Amino acid sequence: MTQDFTRDKPIYSQLVDLICGDILKGNLKSGDKMQSVREYSLEVGVNVNTVQRVYKELELMELTETKRGQGTFITTDEERILHLREDMKVKLVNQFIQSIAVFGFSKEEIVQILQRKEGTQ
């Protein structure tokens, strides 16, 4: 299965977000071994060098660790995963606020809609 990518963001960055999402959703769990760079590049349909950059970025973010001769593993540091969750939440809310501002909507208008939706569920 290859992955569809947008043109507005580098592919490696989209893959980092994809893997972060898999960690937050629990599709990738603490201590899980990740696919090899070559296997993942085949799965998502990108160059091996791109996946190497993705794995390097994840390691710099302290979300993975590479063990020589064994592979790359999702961090077992639960604090780090909680921190990722909070960072992602703030990032998405900021993106949302910027996007509603482009269309001239106020935060109050959006809060009213969210409250109405909450009342219907």
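Is D17 buried, exposed or partly exposed? At 24% relative accessibility, D17 comes out as partly exposed (buried is under 20% relative accessible area, exposed over 50%, and partly exposed in between, with a 1.4 Å probe and protein chains only). Keep in mind that this is a predicted model, where local features need pLDDT of at least 70 and side-chain atom pairs count only at pLDDT 80 or more, while totals for chains, interfaces and linings use all residues. Residues are numbered from 1 along each chain as its sequence is written, and side-chain values use heavy atoms, with hydrogens and water left out.

Now for the charged pairs. Side chains of opposite charge can pair when their charged atoms come close. The structure holds 4 salt bridges, each one a side-chain nitrogen of Lys or Arg within 4 Å of a carboxyl oxygen of Asp or Glu. D17 is in one of them: its partner is K9, with the closest N and O atoms 2.3 Å apart. K9 is partly exposed too, at 28%.

Next, look at helix 3, residues 48-60, where R53 and E57 sit 4 residues apart, about one turn of the helix. (Helices are DSSP runs of H or I, at least four residues, numbered from the N terminus.) R53 and E57 form a salt bridge, with 4.0 Å between the closest N and O atoms. R53 is partly exposed at 42%, and E57 is partly exposed at 24%.

Helix 4, residues 78-102, has K89 and E86 3 residues apart, about one helical turn. Their side chains meet in a salt bridge of 3.0 Å, N to O. K89 is partly exposed at 43%, and E86 is partly exposed at 41%. Finally, back to D17: salt bridges with shared partners join K9, D17 and K91 into one network.

Notes
Helices (H or I, at least four residues) and strands (E, at least two) are DSSP runs, numbered from the N terminus.
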